[in-house]
Amino acid sequence: LAEVKKIFKETDKYLDQIIKVGGWIRTVRTSKTFGFIELNDGSYFKNIQIVFEDHLDNFEEIAKLPISSAIIVEGKLVATPEAKQPFELKATKIEVEGYSTTDYPLQKKRHSFEFLRTIAHLRPRSNTFSAVFRVRSIAAYAIHKFFQERGFVYVHTPIITGSDCEGAGAMFRVTTMDLNNIPKDEQGTVDFSKDFFGKETNLTVSGQLNVESYCMAFKNVYTFGPTFRAENSNTARHAAEFWMIEPEIAFADLEDNMELAEDMMKYIIRYVMEHAPEEMEFFNSFIDPGLFDRLNNVLNSDFGRITYTEAIEILKNSVENFEYPVEWGCDLQTEHERYLTEKVFKKPVFVTNYPKEIKAFYMRLNDDQKTVAAMDLLVPGVGEIIGGSQREERYEVLERRMDEMGLHKEDYWWYLELRKYGGTRHAGFGLGFERAIMYLTGMSNIRDVISFPRTVRTAEF
Ligand code: 4AD
Ligand code: MG
């Protein structure tokens, strides 16, 4: 259908020709002698209107088909210049490929997103989720295109890891051990030497440490894959399984990192607006009326930039009543992030140079010895969408930071070696893909931008 629409617009090639379309019925309306079907074939956001008349042998059967039945229609494509759609299909033959039943849960009315989550296997057939998941697909392609056009090498980092990238401990354990009979030593400590890998392993929280290895070979690299966090935070922005894009660039510092992040975000927005115009129009009309203004504004301005210290000053001087009080040294909460980006800047803003105590061990220590070269990108409506930093490339400083933070250096021996054999200045960041999709579509819950969400106590489907 998408193809027909394109060609139809350009050359009228299919006009008055007999074509064949397979799709699912969205609605059927009939009178005694003729009927209309809104058919969606999945290749295009909008439906095609089928007109069928009682000269079809199976007219009665077709007229009674429940919504979501799958049919194959043969017919003549005719122009309908006065109607909403530029064309309709006058059926000469309709075959039923798969019957539906009248208890099909997605009837033609507005369903709440909460209800649709309980039928996650059917929701991609609704308008909203059809739009979300096509945009998600196009955005993923845009991201690969952006990095590939710049010569970045795509690295597939492992899902199962033996090290904790963020040092936050929110990891899912991977084991083949019998939970009812776990081998322990005399002290009662679990003996992982008996486990499949012979050591404790987890699902990755980030591909960064691995991708840094490849950065020291290819200079510009990125990963794009699933990551897992067992954070017990039941919010609209946290998922236990989410996808992350993590570029890493060598001979580069925090400024280069911010420039790359800004270029990437603008590229994705532009690409999606251009390649999913019907879907984006839908979001702007029905989900988030300010969406186009906001995205166009982003394309036409520079992102804001402030240091963490400046951000704390702004927050302390604001008249807003925050639930969490602000002091230099505290982590920014969602309410603070949203205040900065929605009330103060009214556009995306980078916050840089956070206190070392609240950031990961690998971030480069600044000359003040108190802050690290970190950058978070905050955006209106979502809050933190990117977390990144310049990395600590100085062997001794990195070692000292690991000691200070109580990490087992033995576990990171290979990561330390990257600093020993020609380590360069380098930087990188992680973009949360679901949060990016929320930002692009105006959808307000992370559960509604990932096909089968995994969150606290939810792993159905
Ligand atoms: O800020 P984070 O924890 O940074 C890292 O993992 C770095 N290793 C990335 C890097 O420098 N290569 O996570 C990066 C982003 C966040 O800004 C957020 O968008 C997303 O990942 N994110 C989550 N998205 C959904 N659910 C969660 N539980 C998330 N945790 C982080
Ligand atoms: Mg972060």
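A polar contact is a pair of N or O atoms within 3.5 Å; within protein, one atom must be able to donate a hydrogen and the other to accept it, and residues adjacent in sequence count only if both atoms are side-chain atoms. The structure is a predicted model, in which local features need pLDDT of at least 70 and side-chain atom pairs count only at pLDDT 80 or more, while totals for chains, interfaces and linings use all residues. Residues are numbered from 1 along each chain as its sequence is written, chains are lettered from A and ligands numbered from 1 in the order in which they are written, and side-chain values use heavy atoms, with hydrogens and water left out.

Ligand 1 is surrounded by 25 residues (those with a heavy atom within 4 Å of the ligand), and the closest are Glu166, Gln208, Arg229, Glu246 and Glu384. An N or O atom in the side chain of Ser206 is 3.0 Å from a nitrogen atom of ligand 1. The backbone also takes part: an N or O atom of the Ala239 backbone lies 3.0 Å from a nitrogen atom of the ligand, and one of the Gly432 backbone lies 3.3 Å from an oxygen atom of the ligand.

Two packed helices are described by the angle between their axes and the distance between the axes. Helices are DSSP runs of H or I with at least four residues, numbered from the N terminus. Axes are lines fitted to C-alpha atoms, for helices over the stretch in contact, and angles run from 0 to 180 degrees between N-to-C directions.

Helix 5 (residues 208-218) and helix 12 (residues 413-420) cross at roughly 30 degrees, and their axes come within 10 Å. Helix 5 is therefore roughly parallel to helix 12, a term for angles under 35 degrees. In their contact (heavy atoms within 4.5 Å), Gln208, Leu209, Asn210, Glu212 and Ser213 of helix 5 meet Trp414, Tyr415, Leu418 and Arg419 of helix 12.

Helix 4 (residues 127-149) packs against helix 7 (residues 277-287) at an angle of about 130 degrees, with the axes 9 Å apart. Asn127, Thr128, Ala131, Val132, Arg134 and Val135 of helix 4 meet Glu279, Met280, Phe282, Phe283 and Ile287 of helix 7.

Ala63 is placed in helix 2 (residues 59-63). Apart from neighbours within four places in sequence, Ala63 contacts Val28, Thr30 and Phe52. The C-alpha atoms of Ala63 and Phe52 are separated by 9.0 Å, and these residues are 11 residues apart along the chain.

Conventions
Helices (H or I, at least four residues) and strands (E, at least two) are DSSP runs, numbered from the N terminus. Angles under 35 degrees count as roughly parallel, over 145 as roughly antiparallel, 65 to 115 as roughly perpendicular and the rest as oblique.
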